[in-house]
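Dear colleague,

Please find the structure below, followed by an account of what was found in it.

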Amino acid sequence: MLMAHPVILGHLVEQYETLKVLHAENGSAESRQRMDDVAYTLCVSTGTRDIDAALIAARHRLPGARPEDDSLLTA
């Protein structure tokens, strides 16, 4: 499976997190659609099926991530 470059994944994670805040603040249809689009792109780029798994996979590919570090996983 092809994986996106870590820089691209970092930008996608940043975009998703920013859009999530924007949507929480104003709840516009535009921000929701853009957030869904970025979530889809993250899922495709990481070979996952949901945004939570995609975010974890993307973060593990970012520079400085340690494979044994599970601090990003929620309990």
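How exposed is Arg32, given its relative accessibility? Arg32 has a relative accessibility of 37% and therefore counts as partly exposed; the term lies between buried (under 20% relative accessible area) and exposed (over 50%), with a 1.4 Å probe and protein chains only.

Before the other findings, a note on the basis. This is a predicted model, in which local features need pLDDT of at least 70 and side-chain atom pairs count only at pLDDT 80 or more, while totals for chains, interfaces and linings use all residues. Residues are numbered from 1 along each chain as its sequence is written, and side-chain values use heavy atoms, with hydrogens and water left out.

Salt bridges

The structure contains two salt bridges, each defined as a side-chain nitrogen of Lys or Arg within 4 Å of a carboxyl oxygen of Asp or Glu. In one, Arg32 pairs with Asp36, and the closest N and O atoms are 3.3 Å apart. These residues are four apart in helix α2, so about one helical turn separates them. Asp36 is partly exposed, at 33% relative accessible area. Glu17 forms a salt bridge with Arg59, with 2.1 Å between the closest N and O atoms. Because Glu17 lies in helix α1 and Arg59 in helix α3, this pair ties together parts 42 residues apart in sequence. Glu17, at 36% relative accessibility, counts as partly exposed, as does Arg59 at 22%.

Helix α2

Helices here are DSSP runs (H or I, at least four residues), numbered from the N terminus. The buried residues of α2 are Ser31, Met35, Val38, Ala39, Leu42, Cys43, Ser45 and Thr46. They cover an arc of only 165° around the axis, which means that they lie on the same side of α2; the arc is taken from the directions from the helix axis to the C-beta atoms. On the other side of α2, Ala29, Glu30, Tyr40 and Val44 are exposed. The cover over the buried residues of α2 includes α1 (6-26) and α3 (51-61).

Contacts of Ile51

Leaving aside neighbours within four places in sequence, Ile51 is in contact (heavy atoms within 4.5 Å) with Tyr16, Ala39, Leu42 and Cys43.

Yours sincerely

Note on methods
Helix = DSSP H or I, 4+ residues; strand = E, 2+ residues; numbered from the N terminus.
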